[in-house]
Amino acid sequence: MIDKISGLSGLSAMSGLGGPRETNMASAAAMPGMPAVAGAPAPGSFAETMKNLGEGVVTNLKVAEGQSFAAMRGEVPTREVVDAIMSAEQSLQTAVAIRDKMVTAYLEIARMQI
């Protein structure tokens with residue numbers, strides 16, 4: 001299922017509707033491809049950062065999907081499945097929150113008078 005969206009670019013992989021719950025933006029550091037510490041080297045550009053964010057979200061979703069299928073076959077304990085799903089959900093909520101902030105900033109810029 002998740003493989004169908006893996007061909008999308010990093011920005012288009014972060015689609016969805018924002019819910020009433022706000023996510024902690026600091027949790028983005030826990031996603032794969034994002035620097036975990038302040039001293040870590042940062043990616044070269046904003047587009048590259050957004051691409052890494054999108055790829056990290058897709059990776060977490062694929063891991064959660066794989067764990068779910070493995071649990072149905074009886075190969076993985078339930079606790080590991082829940083952990084993988086919770087991690088994927090947190091990554092997706094973070095990506096949606098970042099997307100919402102970007103859209104809000106774009107709309108503010110578009111409303112500015114020249």
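So, arginine 99 and aspartate 100: their side chains meet in a salt bridge, with 2.5 Å from N to O. Keep in mind that we're looking at a predicted model here. As for aspartate 100, its relative accessible area is 28%, so we call it partly exposed.

Why would side chains do this at all? Well, those of opposite charge can pair when their charged atoms come close.

Okay, how many salt bridges turn up if you search the whole structure? Four. I'll take you through two others besides the one I opened with.

Let's go to helix H1, which covers residues 46–72. In there, lysine 51 pairs up with glutamate 55 in a salt bridge, and their closest N and O atoms sit 3.8 Å apart. The cut-off for calling something a salt bridge is 4 Å, so this pair makes it in. Where are the two partners along the helix? They're four residues apart, which is about one turn of H1.

Next up, arginine 73 and glutamate 75. These two form a salt bridge as well, and here the closest N and O atoms are 3.2 Å apart. What about their accessibility? Glutamate 75 comes out at 55% relative accessibility, so it counts as exposed. Arginine 73 has 54%, and that puts it in the exposed class as well.

Definitions and conventions: Residues numbered from 1 in each chain as written. Predicted model: local features only at pLDDT ≥ 70, side-chain atom pairs only at ≥ 80, totals over all residues. Heavy atoms only, no water. Helix = DSSP H or I, 4+ residues; strand = E, 2+ residues; numbered from the N terminus. Buried < 20%, exposed > 50% of the residue type's maximum accessible area, 1.4 Å probe, protein only.
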